[in-house]
Each structure stands twice: as structure tokens, then as C-alpha cells.
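Try each task yourself before you look at the solution.

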Amino acid sequence: SSALMKKNLTPAARDASFSSLYVSSNQKNHIPTKRELQERREKKAALVIERFFIKIKAEIELEIARLEQKERKKLMSKRKCVKKKGRTDSTFSRKGKLPSQDSLRPYI
């Protein structure tokens, strides 16, 4: 269908881009000055730099998240290790698995 539409258009209309549709008719034939060209180049460069920093920021945030996750994992493994080493009969009794030594002593 787009081929049929192109056949019905004038040569100038076929060459028109979408961006030209948003430019007023008096600006279509405007020849940019050196200053305008320089401003365009600066804007384009600024956008490139901005995209670069956005990517860097995303990478840094990802790396921080990885480090935090690694640190949490490390703390959890230390807690598990401490729990395993610190288990005695009295720690089991607090959890209700074994009676404490005090409750087994005869009452004198």
C-alpha cells in the first residue's frame, strides 16, 4: 500500500521526511548559519555524552547491587556458621527440643 501512495505523490513530497513535516514552511528553505550549525553539533555532542553517563550510572548501580547482595550472602553464611558452633544443650532447650540442665537437677 505504501508503494501505491508513493506513486500518487509529487517528487518533492516523496522525498520529504517526517521531520520536515514538523518544520514550518518558511524554515524549510532556511540555510543554517555557522552559529546554528555549531549549536546543532554541540547539542548532538551533549546528547552523546549524556547517553554515555546514563549507561555508566546504570552499570554503577548494577555493581552496587551485586556487592550488596554478595555482602548479605556473606553475613548470612557467617550467621549460619556461628549458629552451628554455638549450639549446646542449653541452646536446644530454649528452642524446646531438649530439657535444660537446670530442670534435670534434683531440687534440694
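## Exercise 1: The chain as a whole

In the protein chain of 108 residues, buried residues make up 3%. Keep in mind that this is a predicted model.

**Task.** Find how many helices and strands there are in the protein chain, and describe its accessible surface.

**Solution.** 
- Step 1. Count the elements: the protein chain has 7 helices and 0 strands.
- Step 2. Read along the sequence, and the pattern is α-α-α-α-α-α-α.

## Exercise 2: An aromatic pair

**Task.** The structure holds 1 aromatic pair. Work out how the rings of Phe-52 and Phe-53 are arranged.

**Solution.** 
- Step 1. Recall what is needed: a pair of aromatic rings is described by the distance of the centres and the angle of the planes.
- Step 2. Take the distance: the ring centres of Phe-52 and Phe-53 are 5.3 Å apart. Rings pair if their centres lie within 6.5 Å.
- Step 3. Take the angle: the planes of Phe-52 and Phe-53 stand at 75°. Planes over 60 degrees apart count as edge-to-face, so the pair of Phe-52 and Phe-53 is edge-to-face.

## Exercise 3: A nonpolar patch

**Task.** Which residues make the nonpolar surface patch of about 330 Å²? Decide also whether Phe-52 and Phe-53 are partly exposed or exposed.

**Solution.** 
- Step 1. Name the members: Ile-49, Phe-52 and Phe-53 make the patch. Phe-52 is found in helix α5.
- Step 2. Use the cut-off: exposed means over 50% relative accessible area.
- Step 3. Apply the cut-off to each residue. Phe-52 has a relative accessible area of 49%, so Phe-52 is partly exposed. Phe-53 has 51%, so Phe-53 is exposed.

## Exercise 4: Two salt bridges

**Task.** The count comes to 2 salt bridges. For Arg-35 and Glu-39, and then for Glu-63 and Arg-66, give the distance between the closest N and O atoms. Then place each pair along its helix.

**Solution.** 
- Step 1. Start from the general idea: side chains of opposite charge can pair when their charged atoms come close.
- Step 2. Recall the cut-off: the nitrogen and the carboxyl oxygen must be within 4 Å.
- Step 3. Look at Arg-35 and Glu-39: their closest N and O atoms are 3.5 Å apart, and they form a salt bridge. Both residues lie in helix α5, 4 residues apart, about one turn of the helix.
- Step 4. Check their exposure: Arg-35 is exposed at 65% relative accessible area, whereas Glu-39 is partly exposed at 36%.
- Step 5. Look at Glu-63 and Arg-66: here the closest N and O atoms are 3.1 Å apart, and a salt bridge is formed. Glu-63 and Arg-66 are 3 residues apart in helix α5, so about one helical turn separates them.
- Step 6. Check these two as well: Glu-63 is partly exposed, with 37% relative accessibility, and Arg-66 is partly exposed, with 47%.

## Exercise 5: A charged patch

**Task.** Which residues gather in a patch of positive charge on the surface? Then locate Lys-83.

**Solution.** 
- Step 1. List the members: Arg-79, Lys-80, Lys-83 and Lys-84 form the patch of positive charge.
- Step 2. Judge its exposure: with a relative accessible area of 55%, Lys-83 is exposed.

How values were computed: Residues numbered from 1 in each chain as written. Predicted model: local features only at pLDDT ≥ 70, side-chain atom pairs only at ≥ 80, totals over all residues. Heavy atoms only, no water. Patch = residues over 30% accessible without salt bridge, like charges linked within 9 Å, V, L, I, M, F, W, Y side chains within 5 Å. Areas by Shrake-Rupley, 256 points an atom, 1.4 Å probe, with all protein chains shown as cover. Salt bridge = Lys/Arg side-chain N within 4 Å of Asp/Glu carboxyl O. Lys, Arg positive; Asp, Glu negative; His and termini not counted. Charge placed at Lys NZ, Arg CZ, Asp CG, Glu CD. Helix = DSSP H or I, 4+ residues; strand = E, 2+ residues; numbered from the N terminus. Buried < 20%, exposed > 50% of the residue type's maximum accessible area, 1.4 Å probe, protein only. Phe/Tyr/Trp six-rings, centres within 6.5 Å; stacked < 30°, edge-to-face > 60°.
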